[in-house]
Amino acid sequence: MAQQLDGRRAAKRVQESLRRRVEALALRGVVPKLVMLVSEADEVSLGHVRRKARFAEGAGLAAEIRTFHPSDGVKSLELAIGRLNEQDDVDAILVQLPLPAGWDDVEMMRYIRPDKDVDGLHPDNLGLVAYGRPRIWPCTARGVGELLDQYDVPVRGKVVCVVGRSALVGWPIAQYFMARGATVIQCHRQTSSIGGWTRQADIVVSAAGVPGLVRPEEVRHGAVVIDVGLTYTPDGPRGDVDPGVVQRAAWFTPVPGGVGPMTVAMVAQNAVDLCAIRRGGERG
């Protein structure tokens, strides 16, 4: 039976560590400030942003939520981001995705100043990731790595199979593991037999958003299984990994309570790092 990689417990440790860093910054008169923009018409996104704000405030950051309405048009969001870019007391900006239907998520990331981009998804920041010189790592990729570190799960020299290749999640995760010295296999919707690749991996990371995609027989005995997928169904939230995988894996992340809390934690972590970079402090 697999052991659980408890994201909630790991996130609390991150919060305690961040609180000490923020207290040290406060002695210099600096309080990291995170501003998050979210559609007021999207209740799910509002819930995500409120969790991020509560976590950040628990770590001592100043966290502010600003809403917009889709009827205001995309230009209103662009202007709001522009104003935040110019505010010196704002260290980190987050635009909660997905945006309203018909709005371009990727294009919107371009409007955030790269040195205030807490999600690390501005093209300049993703370009630095590709060169192996990240300003910050995108939150989910960093959260997965921090979770494995807290449980002393080794990465260097391991074979990692990442299922999913989105620019927001799958691609950064693959880059993160390569930077950590792993050999990475990346699968996607055109991969003809995903199971043939996942069975080769010491660590399987699924970020496809397809409930039950990774079946027990597609995971080798003793593998580490990281479930990034989260789909809301009539039966409740479900991940990409079939629950039966726990009979074969050595470690697994629950859904919910695995990667999600760590992604939230890394928003605050990245905000403090961006503050430190801009204001001459130490990075985490």
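**Figure 1. Strands β7 and β8 run parallel and are joined by four bridges.** In this predicted model, strand β7 covers residues 203-206 and strand β8 covers residues 224-227. Ile203 stands opposite Val224 in β8. Val204 has Val225 of β8 as its bridge partner. In a regular strand, side chains point in turn to one face of the sheet and then to the other. Both faces of β8 are covered. Val224 and Ile226 lie on one side, Val225 and Asp227 lie on the other, and all of them are buried.

**Figure 2. Strand β8 also pairs with strand β11.** Strand β11 is made of residues 251-252. The pairing is parallel and has two bridges.

**Figure 3. Six strands form an open sheet with parallel pairing.** Across the sheet, the order of the strands is β1-β11-β8-β7-β5-β6. Which strands are at the edges? They are β1 (3-4) and β6 (183-187), and each of these pairs on one side only.

Figure 4. In β6, Ile185 is the bridge partner of Cys161. Strand β5 consists of residues 159-163 and is mostly covered. Of its five residues, four are buried.

**Figure 5. The structure holds four aromatic pairs, and this view shows the one between Phe68 and Trp103.** A pair of aromatic rings is described by two values, the distance of the centres and the angle of the planes. For Phe68 and Trp103, the distance is 5.7 Å centre to centre and the angle between the planes is 15 degrees, and the pair is stacked. Phe68 lies in strand β3 (residues 62-68), whereas Trp103 is in the loop between β4 (92-95) and α4 (105-109), so the pair ties together parts that are 35 residues apart in sequence. Phe68 and Trp103 are both buried.

**Figure 6. Tyr176 and Phe177 form an edge-to-face aromatic pair.** Their ring centres are 6.2 Å apart, and the angle between the planes is 90 degrees. Are Tyr176 and Phe177 buried or exposed? Both residues are buried. Together with Trp137, they form one aromatic cluster.

**Figure 7. Asn270 is a buried residue of helix α9.** Helix α9 covers residues 259-279. The relative accessible area of Asn270 is 0%, and a residue counts as buried under 20%. Which residues is Asn270 in contact with, leaving aside its neighbours within four places in sequence? They are Val118, Ile136, Trp137, Cys139 and Arg142. One of them, Trp137, is also a member of the aromatic cluster with Tyr176 and Phe177.

**Figure 8. His69 touches Glu40 and Ala41, not counting residues up to four places away in sequence.** His69 is in the loop between β3 and α3 (74-86). The relative accessibility of His69 is 30%, so this residue counts as partly exposed. Along the chain, His69 and Glu40 are 29 residues apart, while their C-alpha atoms are separated by 5.7 Å.

**Figure 9. Val44, Leu230 and Tyr232 make a nonpolar surface patch.** The area of the patch is about 290 Å². Val44 belongs to helix α2, which covers residues 43-58. With a relative accessible area of 46%, Val44 is partly exposed.

**Figure 10. The peptide bond between Leu97 and Pro98 is cis, as is the one from Val255 to Pro256.** For Leu97 and Pro98, omega is about 0 degrees. Pro98 is in the loop between β4 and α4. For Val255 and Pro256, omega is near 0 degrees. Pro256 lies in the loop between β11 and α9.

**Figure 11. Asp152 has a positive phi although it is not a glycine.** The value of phi is about 55 degrees. Asp152 is in the loop between α6 (139-150) and β5. Is Asp152 buried or exposed? Its relative accessibility is 69%, so Asp152 counts as exposed.

Key
Residues are numbered from 1 along each chain as its sequence is written. This is a predicted model: local features need pLDDT of at least 70, side-chain atom pairs count only at pLDDT 80 or more; totals for chains, interfaces and linings use all residues. Side-chain values use heavy atoms; hydrogens and water are left out. Two strands pair if DSSP finds at least two bridges between them. Patches are made of residues with over 30% relative accessible area and no salt bridge: like charges are joined within 9 Å, nonpolar side chains (Val, Leu, Ile, Met, Phe, Trp, Tyr) within 5 Å. Accessible areas come from the Shrake-Rupley method with a 1.4 Å probe; for residues, only the protein chains shown count as cover. A salt bridge is a side-chain nitrogen of Lys or Arg within 4 Å of a carboxyl oxygen of Asp or Glu. Buried means under 20% relative accessible area, exposed over 50%, partly exposed in between (1.4 Å probe, protein chains only). Rings of Phe, Tyr and Trp (its six-membered ring) pair if their centres lie within 6.5 Å; planes under 30 degrees apart count as stacked, over 60 as edge-to-face and the rest as tilted. Contact means heavy atoms within 4.5 Å.
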